[in-house]
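Subject: Structure handover and notes

Hello,

Please find the structure below. My notes on it follow.

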Amino acid sequence: MAVRLFEGKDHASSYLQYRVAPHEMVSVIMSYMEKRKPKRSELAVDVGCGPGQVTVLLAPYFNKVVGTDVSQAMIDRALAKSNPPNTSYRQSPAEELPFTAGEVDLVTAMTSAHWFDRPRFLQEADRVLRPGGCLALLSYTMDMNLEYGDVSDALNDICQEFYAALLPYRSFYLGPSSKKLYFDMFNSCSYLDKEWNESCQVRRTLSVSGFIGMVETFSSYQQLKKKDPSEAERLSNSILNKLLSAMNASSPDTEVTVIINYFYMLACKPSSD
């Protein structure tokens with residue numbers, strides 16, 4: 001069973017504004033593909049693409065890139081932004097991709113595969129991938145860390161308070177760890193040529209308000225906001241004020257280093273050669 005949570009236009013806009021586009025992880029994917037033969041870079045499909053902030057990062061490497069998402073609001077937001085000429089979007093569930101068998105060189109899902117009907121998605125990815133094509137599934141843990149001068153430890157204690165307050169609103173579908181869901185997908189993937197990495201740090205300089213905005217895009221925060229909007233706003237404001245106080249700063253535009261802990265699986269479909 002797949003889960004649909006990200007249907008609102010406001011949420012789609014927040015995704016585009018606050019979610020990090022990890023070009024470093026795209027480089028990891030392309031380095032993996034570069035070592036596989038036969039090489040082909042005709043079509044990449046980014047499944048669960050959201051508003052397409054990662055989809056566009058694939059554009060320099062392929063003749064054609066298609067982002068798909070089950071949410072029409074996400075597709076509409078993706079289409080509304082500036083996109084490379086070789087990039088397009090289609091509304092589609094992850095388990096029923098609009099491509100013929102063996103048509104696709106790369107299937108990616110970045111911070112989205114945990115919401116899919118995972119066995120059906122893996123079967124569908126196998127169907128559309130060409131022999132020698134690659135599958136790349138990436139996500140990150142919720143416990144992002146902050147660095148700021150000599151108060152980093154204090155900031156991360158406040159962050160843990162934020163994450164703990166949201167934990168009761170985490171979807172039961174994810175279980176205690178989304179990383180385990182990806183590792184289970186890695187183990188269930190029948191391809192012999194595959195890699196697993198559970199710790200790959202991406203660092204970004206964001207404003208404090210930008211960090212808060214990113215956490216507010218998480219499904220757990222959205223569930224709290226749906227249940228009790230005033231409590232969600234109170235929590236965000238409380239955490240923001242505590243972070244600024246610890247930093248001895250007054251402006252929410254004050255910048256911090258955010259450390260995001262990615263994990264990923266890469267797999268190559270056996271070649272027919």
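Which residues of helix H8 (residues 219–227) are buried? They are Ser219, Ser220, Tyr221 and Leu224. Buried here means under 20% relative accessible area, exposed means over 50%, and partly exposed is in between (1.4 Å probe, protein chains only). Helices (H or I, at least four residues) and strands (E, at least two) are DSSP runs, numbered from the N terminus. The cover over the buried residues of H8 includes helix H5 (152–166), helix H7 (208–216) and helix H9 (229–247).

Before the rest, the conventions. This is a predicted model, in which local features need pLDDT of at least 70 and side-chain atom pairs count only at pLDDT 80 or more, while totals for chains, interfaces and linings use all residues. Residues are numbered from 1 along each chain as its sequence is written, and side-chain values use heavy atoms, with hydrogens and water left out.

Strands

Strand E2 (residues 64–69) and strand E3 (residues 87–91) pair in the parallel sense over five bridges; pairing requires that DSSP finds at least two bridges between two strands. Between them the chain passes through helix H3 (residues 72–80), and this β-α-β crossover is right-handed. Right-handed means that, with the strands pointing away from the viewer, the path from the first strand over the helix to the second runs clockwise. Within the pairing, Val66 has Ser88 in E3 as its bridge partner.

Salt bridges

A salt bridge is a side-chain nitrogen of Lys or Arg within 4 Å of a carboxyl oxygen of Asp or Glu. By this rule the count is 12.

- Arg36 and Asp193 form a salt bridge at 3.0 Å, N to O. Arg36 lies in the loop between helix H2 (23–34) and strand E1 (43–47) and Asp193 in strand E7 (residues 193–207), so the pair ties together parts that are 157 residues apart in sequence. Arg36 is buried at 14% relative accessibility, and Asp193 is partly exposed at 29%. A network of salt bridges links Arg36, Asp193 and Glu195.
- Asp126 and Lys269 form a salt bridge, with the closest N and O atoms 3.8 Å apart. Asp126 is in helix H4 and Lys269 in the segment after strand E8 (255–268), and the two are 143 residues apart. Asp126 is partly exposed at 31% relative accessibility, whereas Lys269 is buried at 15%.
- Glu124 and Arg127 form a salt bridge, the closest N and O atoms being 2.9 Å apart. The two residues are three apart in helix H4, so about one helical turn separates them. Glu124 is buried at 10% relative accessibility, and Arg127 is partly exposed at 31%.

Arg118 is in helix H4 (residues 118–128). Leaving aside its neighbours within four places in sequence, Arg118 is in contact (heavy atoms within 4.5 Å) with Ala113, Tyr173, Leu181 and Met185.

Cysteines

The structure holds zero disulfides, a disulfide being a pair of cysteine sulfur atoms within 2.5 Å. For Cys134, the closest cysteine sulfur is that of Cys268, at 4.1 Å, which is too far for a bond. Cys134 is buried at 2% relative accessibility. Cys49 is also buried, with a relative accessible area of 6%.

Regards
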